[in-house]
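Subject: Structure handover: cavities and a helix pair

Hi,

Here is the structure for you to look over. My notes come after it.

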Amino acid sequence: MKRFQNRVAESSLSLPVSSVVSILIWFAAGLVTRELWVPLLLMGFTTYLVAEMNNRNALLRIRSRMMSCVYLFLATMQMTMVSNWQLSVVQTITALCVYLLLFCYKDKTMVSNIFCMSILLSAGSIMWVPLLYFLPVLIILLCVPLYAVSIKAVSAIVMGLVLPYWSLIPYFIYVGNTNWLNRHFAPLYDGDALFNYSSVTIGQTVYFGLLVLLFLIGWVHFVRTSYKDKLKTRTLYDVFVALAVFFVVLTLVAPIHADYTLSMLSVAVTPVAAHYFSLTNTRLTNIVFVIALVIVVAATAFAIATPYFETLILR
């Protein structure tokens, strides 16, 4: 028996409808007046990357665009609470790194992908230096469970990490700003940022709670039904789970960076949530799908209509 969630998951109209709804929300949130064209274009590109993750790795056992739809709704919901091009760049870099990472499954010859991931993170960290926290996790995942590390891969990581900064050093020496590197990397070891919840807003809390709830529901479902998936698919979902857990912990430890870490978390949660919504068909899961959809739509509309989500929790 096909339920509402199954018809949505398998329909070829789901992605076009989701795209139109998302764009309309962007217009309502001030796409023109706030000049959000760059974030919109980056979200569109990230949506394509999410779709390609599924197409190239068969993450879902059925033909479905649910991954793209889930990402669109989650990304649009966050955009209504906070939107800037830096946040969009971090989210796109995260999706690009995950996209490249999946190709490395048990393939030690994918040195070019590893170099690209490293240089993307390094270049992105020039804009937002805590992005470098993502690098050790990628290295661990390349070791286990992807088994793609080699001497060449380590060299590629080092070269990709150093190259963007090496290119900037001559400029800062020329302008006499020799202390730029020290000031730039200071936030990486800033103890005042740890467990500092003074800047956490109601919107961040709601978004974090929704992502964690979707992740936990999807994770439990995947653990219970993973025997139906191929070994490679199970391994790739282990990657998503590990990334999601890392971003959750990073958000809790350094809530001052919540906007950025939540945008990264949404990329990791999307495949797990899409797996759950696409491959279940019970009455309970259908109810969960409807409730999740209502919560996302209501929260998005509420964020556009009122500034309440911008209120600090600790006042």
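Predicted model: local features only at pLDDT ≥ 70, side-chain atom pairs only at ≥ 80, totals over all residues.

Residues are numbered from 1 along each chain as its sequence is written, and side-chain values use heavy atoms, with hydrogens and water left out.

Cavities. There are two of 30 Å³ or more. A cavity here is a set of points on a 1 Å grid over the protein atoms alone where a 1.4 Å probe fits but cannot get out; lining residues have an atom within 4 Å of a point. Volume is the space filled by probe spheres set on the points, which are joined across faces, edges and corners.

The largest cavity has about 140 Å³. Its lining has 17 residues, with Ala75, Met79, Leu87, Ser88 and Gln91 nearest the centre. Helix 3 (37-57), helix 4 (66-81) and helix 5 (85-102) each give two or more lining residues. Helices are DSSP runs (H or I, at least four residues), numbered from the N terminus.

The second largest cavity holds about 40 Å³. Helix 6 (111-127) and helix 7 (134-143) each supply at least two of its lining residues.

Helix pair. The axes of helix 6 and helix 7 (lines fitted to C-alpha atoms over the stretch in contact) come within 10 Å and cross at roughly 165 degrees. The angle runs from 0 to 180 degrees between N-to-C directions. The two helices are therefore roughly antiparallel (over 145 degrees). Ile114, Met117 and Leu121 in helix 6 meet Phe134, Leu135, Leu138 and Leu142 in helix 7 (heavy atoms within 4.5 Å).

Best wishes

How values were computed. 1 Å grid on protein atoms, 1.4 Å probe; cavity = no way out; pocket = protein on both sides within 12 Å on 5 of 7 lines; lining within 4 Å. Parallel < 35°, antiparallel > 145°, perpendicular 65-115°, else oblique.
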